[in-house]
Amino acid sequence: MTSSRDRYDVAVVGLGAMGSAAAWHLARRGQRVIGFDRFRPPHVFGSTHGDSRGIREAYTEGPSYVPFVRRAYELWDELSDAVGEPIFRQTGALSLGPEGNDMVRGVIASAREHDIAVEQMDAAEIRRRYPGIHVTDDLVGVLEQRAGMLDIDTALNGQLEQAAAHGADLHFDEPVDRWLPIDMDDVESPITIQTARGTYEAERMVVTSGAWNAGLLGKLNLPLNVTRQVMYWFEPRANREHFQEGAIPFWMWERSETETAYGFPDIGRGFKLGLHQPLETVDPSGYDREITELDKRRVNDFLANTFPDVAGTLLRAETCLYTHTPDHHFLIDIHPKRPNIVVASPCSGHGFKFAPAIGEALADLSMERRTVHNLDLFRVDRFVAPLTAAGD
Ligand SMILES: Cc1cc2nc3c(=O)[nH]c(=O)nc-3n(C[C@H](O)[C@H](O)[C@H](O)COP(=O)(O)OP(=O)(O)OC[C@H]3O[C@@H](n4cnc5c(N)ncnc54)[C@H](O)[C@@H]3O)c2cc1C
């Protein structure tokens, strides 16, 4: 057991996209940070791998996300400058769907509310500009220019490097097995953290364990649903030039309420795409990471109706995990019983782009219990009543 002299200011449990961002912000504010990860990020077992993630500003999921993503753009630039490597690649973002679909409507609503320049297109215009897309007459689209791809590995390594450079003590391949308040009766009690390698103490804790969050916060009974998703990289069988950077932007396509997909231009590693798979709930520590015949059939059916020239050679495919809340908005808040613990589950398939801004908000909540960011949509009390009896 560490003595109280060795006590850290804050322990960050989980050093993926969100935890590495929190560790970076906390450490650069002079906090004594210890961080743990079950593996050594970036790794392929959680939610943060597969080369790239999309970033867009005219947020279809709700206009109130826009200021948050604007802050994230600033911080991605700052991180990029600090590590000396580009993280953001501006390709534009094209949202597609049949006339009247929610995704395109949501983009336009956000753009109007926040004065973001977007370009609306009918089927003829989409056909003219993007010959790789199979366009039906009811298709509509909206293009925003300040959008594109984030390089996952550069971003994640950068956040970890910056955290370490500011003194964070990062423990990889060391899962947290258990945490306990030192004094159960004191809601602000410092915390003991147990791993197979040791026992540590911290005044405060930030829980950013992604798909494993519900397990670490068992007594909160968070309604988090972990699902298996697949990312695919194809070498197009014809007209490869239609699918390269410059010829097609980052795209999202809502074909119906139950069929949505997204993808990226080929930047040298193939044309990447993913379907928002039906919700197949899995255990993050033991699920099938093999690509099945059903996976291949699903993606080929999708391509036949959308990008028929892409359905060529499958170069690579990887599984990944979404952690969904019931309303698909994030969960970022102070623990309802223990104000020195902050909890973040910002996934539902769309959290990565916000990571450095979420890290900043987590550092604010952990140090000051408030933040300038508007986190109203992400409150824990929409799922969990404030706890009154003892329980963590
Ligand atoms: C296929 C796919 C496509 C996506 N596309 C986009 C996109 O285009 N744009 C976008 O913005 N977002 C996207 N997302 C969502 C985004 O990737 C996630 O929101 C984000 O990666 C979540 O980060 P996290 O830090 O919560 O989880 P993770 O990065 O998974 O980190 C959690 C970490 O906690 C560690 N951990 C778990 N248990 C313990 C423990 N007991 N002790 C210590 N460490 C522990 C894990 O090892 C892991 O490293 C996508 C997600 C997927 C899966």
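Is phenylalanine 271 buried or exposed, and what is the relative accessible area of phenylalanine 271? The value is 0%, so phenylalanine 271 counts as buried (buried means under 20% relative accessible area, exposed over 50%, partly exposed in between, with a 1.4 Å probe and protein chains only).

The model is predicted, so local features need pLDDT of at least 70 and side-chain atom pairs count only at pLDDT 80 or more, while totals for chains, interfaces and linings use all residues. Residues are numbered from 1 along each chain as its sequence is written, and side-chain values use heavy atoms, with hydrogens and water left out.

View 1. Phenylalanine 271 belongs to S16, which spans residues 271-275. Helices (H or I, at least four residues) and strands (E, at least two) are DSSP runs, numbered from the N terminus. Proline 236 is 35 residues away from phenylalanine 271 along the chain, and the two C-alpha atoms are 7.3 Å apart.

**View 2. The residues around the ligand.** The shell holds 34 residues, and Asp37, His43, Thr48, Cys320 and Lys353 come nearest to the ligand; a residue is near a molecule or strand if one of its heavy atoms lies within 4 Å of it. By class, 17 of the shell residues are nonpolar, 13 are polar and 4 are charged. In this scheme Ala, Val, Leu, Ile, Met, Phe, Trp, Tyr, Cys and Pro count as nonpolar, Asp, Glu, Lys and Arg as charged, and the others, Gly among them, as polar. Domain 1 (4-48 + 153-220 + 327-382) and domain 2 (93-145 + 225-324) each supply at least three residues to the shell, with domain bounds taken from an automatic or database domain assignment.

View 3. A polar backbone atom of methionine 18 lies 2.9 Å from an oxygen atom of the ligand. For arginine 38, a polar backbone atom is 3.0 Å from a ligand nitrogen atom. A backbone N or O atom of serine 47 is 2.9 Å from an oxygen atom of the ligand. On its own the ligand has 1,000 Å² of accessible area, and the protein covers 97% of this; accessible areas come from the Shrake-Rupley method with a 1.4 Å probe, and for residues only the protein chains shown count as cover. Two or more shell residues come from each of helix H1 (17-28), strand S3 (52-55) and strand S17 (313-324). S17 gives the most, with 3 residues.

**View 4. Strand S3 and its partner S8.** S3 pairs with strand S8 (residues 148-151) in the antiparallel sense, over 4 bridges; two strands pair if DSSP finds at least two bridges between them. Serine 52 has aspartate 151 of S8 as its bridge partner. Ser52 and Gly54 point to one side of S3 and Arg53 and Ile55 to the other, and all are buried.

View 5. Histidine 324 is part of S17. What is the relative accessibility of histidine 324? At 7%, histidine 324 counts as buried. Its side chain makes a polar contact of 2.9 Å with the side chain of threonine 227. A polar contact is a pair of N or O atoms within 3.5 Å; within protein, one must be able to donate a hydrogen and the other to accept it, and residues adjacent in sequence count only if both atoms are side-chain atoms.

View 6. Glutamine 277 sits in the loop between S16 and helix H7 (293-306) and is buried, at 4% relative accessible area. The C-alpha atom of glutamine 277 is 7.6 Å from that of arginine 228, 49 residues away along the chain. Leucine 26 lies in H1 and is also buried, with a relative accessible area of 0%. Between the C-alpha atoms of leucine 26 and valine 10, which are 16 residues apart along the chain, the distance is 8.3 Å.

View 7. The peptide bond from proline 41 to proline 42 is cis, with omega near -5°, and proline 42 lies in the loop between strand S2 (33-36) and S3. Aspartate 173, although not a glycine, has a positive phi of about 55°. This aspartate 173 is in the loop between strand S9 (169-171) and strand S10 (176-181) and is partly exposed at 42% relative accessibility. Asparagine 239 is not a glycine either, and its phi is positive at about 50°. The loop between strand S13 (225-235) and strand S14 (250-256) holds asparagine 239, which is partly exposed with a relative accessible area of 35%.
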